[in-house]
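Walk through this model in two stops.

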Amino acid sequence: MSLPYNVRALTKRLLLHRCNGSSHWTRSFAVKTGEVGGGGRASNLEGSTVNVPSNEIVTPLPPLSQPIPDLPPVEYARPGDQNNATQVTRLSNGLRVASENRFGQFCTVGVVIDSGPRYELAYPSGISHFLEKLAFQSTGEFGERDVIFRELERHGGICDCQSSRDTFVYAASADSRGLESVTRILSEVVLRPRLSVDEIELARQAVQFDLETLGMRPEQEPIVMDMVHAAGYRDNTLGFPKLCPTDNVPKINRDTLLSYLGHHHTPDRMVLAGVGVPHDDLVRYAERFFVQGSATWESERSTSVHPKSVDTSIAQYTGGSKLEECAIPVYAAVGLPELAHVVIGLQGCSHQDKDFIAACVLNMMMGGGGSFSAGGPGKGMYTRLYTNVLNRYHWMYSATAYNHAYADTGLFCIHATAPPSHVRNLVEVITRELFTMQSRPGDQELRRAKTQLQSMLLMNLEARPVVFEDIGRQVLATGERRRPEHFIQEIEKITAEDVQNVARKMLSSAPALAARGEIKGIPDVKDISAALVNEGRLPGNRRLSLFR
């Protein structure tokens with residue numbers, strides 16, 4: 001298609017005209033500007049007003065470079081005392097109330113309970129999974145869940161319920177002026193749920209949906225973490241599954257739930273924690289809603305035969321393996337191949353152990369992540385699992401270290417993925433990294449890990465819900481809360497020898513192996529034990545090649 005005129009010729013003529021008559025254009029522009037502005041801006045010798053400041057007075061006020069007369073001296077804001085101590089009060093029924101007041105319009109209040117899958121020895125595994133789905137349903141005072149949500153929405157609130165292996169948490173965040181309503185809702189949800197037949201059936205469907213969804217997702221972390229705990233703590237406490245086994249979904253009924261709640265969700269096993277609330281107000285509401293009145297399981301006794309006390313067993317680390325040969329869905333959109341998932345664990349430290357801080361520093365030093373990180377290039381690039389594993393072996397798709405700490409023990413593990421054809425090599429790479437944990441870290445590496453751990457601690461505690469959970473868990477475990485400054489100082493005290501000692505202590509335990517996917521060539525757990533005392537080399541394996 002041809003243009004109606006010659007663009008190139010027209011442009012050339014315009015440029016030539018501007019070059020020949022530039023002075024004429026400038027003078028014309030200056031004259032017109034002067035006419036419009038009434039002599040507003042000065043001009044240079046050539047008549048241009050470009051970069052020439054105006055001499056007009058545009059305001060009677062003095063310039064900002066001079067102080068305004070007759071004003072009082074300025075008083076600048078100073079940082080106030082943010083060192084709010086956590087207050088703890090024990091009520092007559094054994095409930096502990098802990099709070100920390102913080103500046104802000106919103107608050108987070110919740111109940112942290114000494115409950116979870118580790119206490120399900122005499123019950124069908126999966127009760128905690130069911131209770132998560134039954135949270136914030138109808139109660140004695142609130143006829144249905146929509147009434148609870150409407151009451152929360154009056155104060156701009158949201159709620160959540162989560163469980164771990166040894167704790168159960170109900171929490172809500174709302175406007176601080178709604179503290180009374182939030183506390184009343186929490187007391188109803190925790191102590192007086194109706195647990196109707198219809199609600200239990202809906203929870204059963206939700207649990208079944210969770211299990212089916214996990215089986216169809218390429219991410220396998222929740223499943224393999226359950227498996228490595230089952231391998232490390234076989235048939236006791238922390239080895240019980242967090243996810244409800246498929247066979248137990250139809251077995252859990254109302255009597256089973258009432259029996260479990262009656263023993264484990266009692267006030268003496270709870271902490272009512274709050275952030276951003278006055279302590280006296282929280283104690284007053286706790287006495288009204290948590291002390292007065294009876295719980296559902298006190299007025300309705302379970303008819304089924306269950307134990308009459310709480311299981312107080314101490315976790316027994318056994319080591320061992322749990323393998324599952326199956327097909328794992330692939331990331332079709334990204335084009336990644338089918339991957340085999342392997343987790344190798346060692347006995348770690350409890351959060352009350354003197355070596356706990358050193359274990360956390362070691363975990364930061366190991367680091368890791370995925371080859372395709374959402375954090376962008378360079379995320380965690382100086383950690384050992386990046387520099388020694390992901391950057392060296394192209395067939396390794398992820399390698400991440402985890403440090404699980406509980407009241408009486410812990411589990412330190414590395415989760416890695418690779419195509420099924422490299423499963424044996426993957427295991428050797430991970431065992432070699434576990435073996436080299438006991439080598440002395442360099443000064444720069446140790447300093448980086450400590451600084452990263454300190455910054456992660458402080459950044460996480462900027463979020464109000466994280467502070468709530470920290471208060472609840474610490475008070476539940478020890479009866480008090482240690483300030484972040486304490487942990488910053490303890491991290492700073494860690495030396496290279498401390499890291500080496502905790503690594504040697506871990507390596508003295510039997511390994512726990514969990515694997516899922518196409519894992520036909522995976523070594524036996526005995527071979528892994530032998531590799532951990534032989535520089536990480538599996539028996540009969542050739543030296544690894546970077547190009548294989």
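Keep in mind that the model is predicted.

Start with the second largest pocket. It holds about 600 Å³ of space. Its lining is made of 20 residues. Nearest the centre lie D226, M227, P241, P245 and K322. By class, the lining has 11 nonpolar, three polar and six charged residues.

Which elements give two or more residues to this lining? They are α6 (197-216), α7 (221-232) and β7 (320-325). Of the elements, α7 gives the most, with four residues.

Now place the pocket in the overall fold. Domain 1 spans 86-298 and domain 2 spans 320-533. Both give residues to the lining of the second largest pocket, so the pocket lies between them.

Next, turn to strand β3, residues 106-113. Is this strand enclosed or open? A residue is buried when its relative accessible area is under 20%. Seven of the eight residues of β3 are buried, so the strand is largely enclosed by the rest of the structure.

β3 has pairing partners to trace. Strand β5 (residues 168-175) runs antiparallel to β3, and eight bridges join the two. Within that pairing, G110 has A171 of β5 as its bridge partner. Strand β6 (residues 270-275) also pairs with β3 in the antiparallel sense, over six bridges. There, T108 stands opposite V275 in β6.

How values were computed
Residues numbered from 1 in each chain as written. Predicted model: local features only at pLDDT ≥ 70, side-chain atom pairs only at ≥ 80, totals over all residues. Heavy atoms only, no water. 1 Å grid on protein atoms, 1.4 Å probe; cavity = no way out; pocket = protein on both sides within 12 Å on 5 of 7 lines; lining within 4 Å. Points joined across faces, edges and corners; volume = space filled by probe spheres on them. Nonpolar A, V, L, I, M, F, W, Y, C, P; charged D, E, K, R; others polar. Domains from an automatic or database assignment. Buried < 20%, exposed > 50% of the residue type's maximum accessible area, 1.4 Å probe, protein only. Pairing = 2+ DSSP bridges.
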